[in-house]
Amino acid sequence: MSFTVAIIGRPNVGKSTLFNRLVGRRLALVDDRPGVTRDRREGQARLGDLDFTIIDTAGLEGGAAESLSGRMLAQTRAAIEQADAVLFLLDAKTGPVPDDRAFADLVRRSGKPTIVVANKAEGKASTAGVLEAYALGLGEPVAISAEHGEGLVDLFEALRAALPNETAGRTKDDAQADATEPSRPIRVAIVGRPNSGKSTLVNRLIGEDRMLTGPEAGLTRDTIAVDLQWQGRSFRLHDTAGLRRPPRVQEKLEKLSVADAINAIRFAEVVVLLMDVEHPFEEQDQRIADLVEREGRALVIGISKWDLSRHGAGGIAMLREQADERLSQVKGVPVIGVSGLTGDGLDRLMEAVVDIHEVWNKRVPTAELNRWLADVISSHPPPAVSGRRIRLNYMTQPKARPPSFVLFCNRAEAVPATYRRYLINELRDAFDLPGTPIRLTLREKENPFAGRKRRR
């Protein structure tokens, strides 16, 4: 099913830039001056595997009904009425301003599903503005940079959550009919170096020769998506082209294939990184794992062609130790021996995918976080820097996918990198977060949630 989304917000917050980004070309005029857009403009947008109609609108400004700004506001109201969901843009660098709060009431009264989008969120300077956007009362803000194409995966997830029936391509009656079944498919990207057995693995999982396989490296060029049902769960598997080191990628076709594979990683929820059993954890394998971590995806390592293994009974335990040593940023990542030829290990692999997906989605209650923080400070307080103490005041988890935490303290820049790594490792152990990236942001600004509670 198709659906319609309206982009609204104050002048010059980047609505037309986001519109152009989603439609894939410069349809809307963009300029640093506010008020360039006056009429609402429609285009056909694509985000991940979602195709929908997007509406660009004029900047929201108050004014009499007969004035230019009043007529522009009427156009925006019409766009909201037409839309199935609303993207409410604000400037992450400035945070919400009084006009944003006034227009948030307009959107709230419309009753339409609304996603707060904090645009221009590139760099650390925007973090405070993103957190302040919670005060609008419209839910969790999505931080993006429309100009640089950052954060679009989070926007994709937010759209799916806001419009579950429309984005699943089903009617409400269909959704009610299978309400007892697991929700939407888990998106899984199968990646690795050329000839690591990705297509053979996918063929074995789905039970048919859907992908071309053979001894030649580089048979797969396009990223191919197939559906899989496993033990009552739905999966969307993406078989990708082999990823070689950038200096070796010369031909234009291979460059396009690599770009397609990287895009599959960005829009996946879980990435299965296949490594050859004879040469695991080579430099390129570690580069791919690092890319998966930077993109914030959950990771499972599959040791391919396990039927040819000479490692013996303790082989997997040894490889898990290597994974923890070489991929410390995702310590505890599952390592599974698999064979696409014989089918050995495939059930264990899919169980690991389901488990790591749950970890990636995990949220820790604020009260538990702060009890943990008090224990950590008591047993291992942060070091004094230049003779001054660092105070760790409060912690919260604003989002999952991957688990992301904000720690409020008095001297954020002074906290040593080693102590940050210590906190992340302790978080991973205390709250059982193996194999998933963990984001930890240090902020000096007072916790916005505490302030809101006091005002009540």
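The legends below describe close-up views of a predicted model.

**View 1. The six-stranded open sheet.** The strand order is β2-β3-β1-β4-β5-β6, and the pairing is mixed. The edges are held by β2 and β6 (142-143), each with a single partner strand, so one side of each is left without a neighbour in the sheet. Within the sheet, β1 and β4 pair in the parallel sense over five bridges. Ala6 stands opposite Val86 of β4.

**View 2. Helices lying across the sheet.** Helix α3 (residues 98-110) lies across β1, β4 and β5, and α3 runs at about 175 degrees to β4. Helix α5 lies across β1, β2, β3, β4, β5 and β6, and its direction is at about 170 degrees to β5.

**View 3. The largest nonpolar core.** This core has 29 residues. Leu18, Leu47, Phe52, Ile54, Leu87 and Leu155 are those with the most contacts inside it. Two or more residues each come from β1, α1 (15-23), β2 (41-47), β3, β4 (85-91), β5 (114-119) and α5 (152-162). The largest share, six residues, is given by α5. Apart from this core lies another, of 28 residues, with Ala261, Leu299, Ile301 and Val333 among them.

**View 4. Surroundings of Leu155.** Leaving aside residues up to four places away in sequence, Leu155 touches Leu18, Leu47, Leu87, Ile115, Val117 and Val142. Leu155 is also one of the residues with the most contacts inside the largest nonpolar core.

**View 5. The aromatic pair Phe3 and Phe52.** Six aromatic pairs are found in a search of the whole structure. In the pair of Phe3 and Phe52, the ring centres are 5.0 Å apart and the planes are at 10 degrees, so the pair is stacked; the cut-off for stacking is under 30 degrees. The pair links distant parts of the chain, with Phe3 in the segment before β1 (4-9) and Phe52 in strand β3 (residues 50-56), 49 residues apart. Both Phe3 and Phe52 are buried.

View 6. Arg401 and Pro402 are joined by a cis peptide bond, with omega about 0 degrees. Pro402 is found in the loop between β13 (392-399) and β14 (404-409), and Arg401 is placed in the loop between β13 and β14. Arg401 is not a glycine, yet it has a positive phi of about 60 degrees. Most residues other than glycine have a negative phi, and most peptide bonds are trans.

**View 7. Asp432 in a loop.** Asp432 lies between α14 (417-430) and β15 (439-443), in the loop there. Although not a glycine, Asp432 has a positive phi of about 55 degrees.

Notes
Residues are numbered from 1 along each chain as its sequence is written. This is a predicted model: local features need pLDDT of at least 70, side-chain atom pairs count only at pLDDT 80 or more; totals for chains, interfaces and linings use all residues. Side-chain values use heavy atoms; hydrogens and water are left out. Rings of Phe, Tyr and Trp (its six-membered ring) pair if their centres lie within 6.5 Å; planes under 30 degrees apart count as stacked, over 60 as edge-to-face and the rest as tilted. Helices (H or I, at least four residues) and strands (E, at least two) are DSSP runs, numbered from the N terminus. Buried means under 20% relative accessible area, exposed over 50%, partly exposed in between (1.4 Å probe, protein chains only). A nonpolar core is a set of buried Ala, Val, Leu, Ile, Met, Phe, Trp, Tyr and Cys residues joined through side-chain atoms within 4.5 Å. Contact means heavy atoms within 4.5 Å. Two strands pair if DSSP finds at least two bridges between them. Axes are lines fitted to C-alpha atoms, for helices over the stretch in contact, and angles run from 0 to 180 degrees between N-to-C directions.
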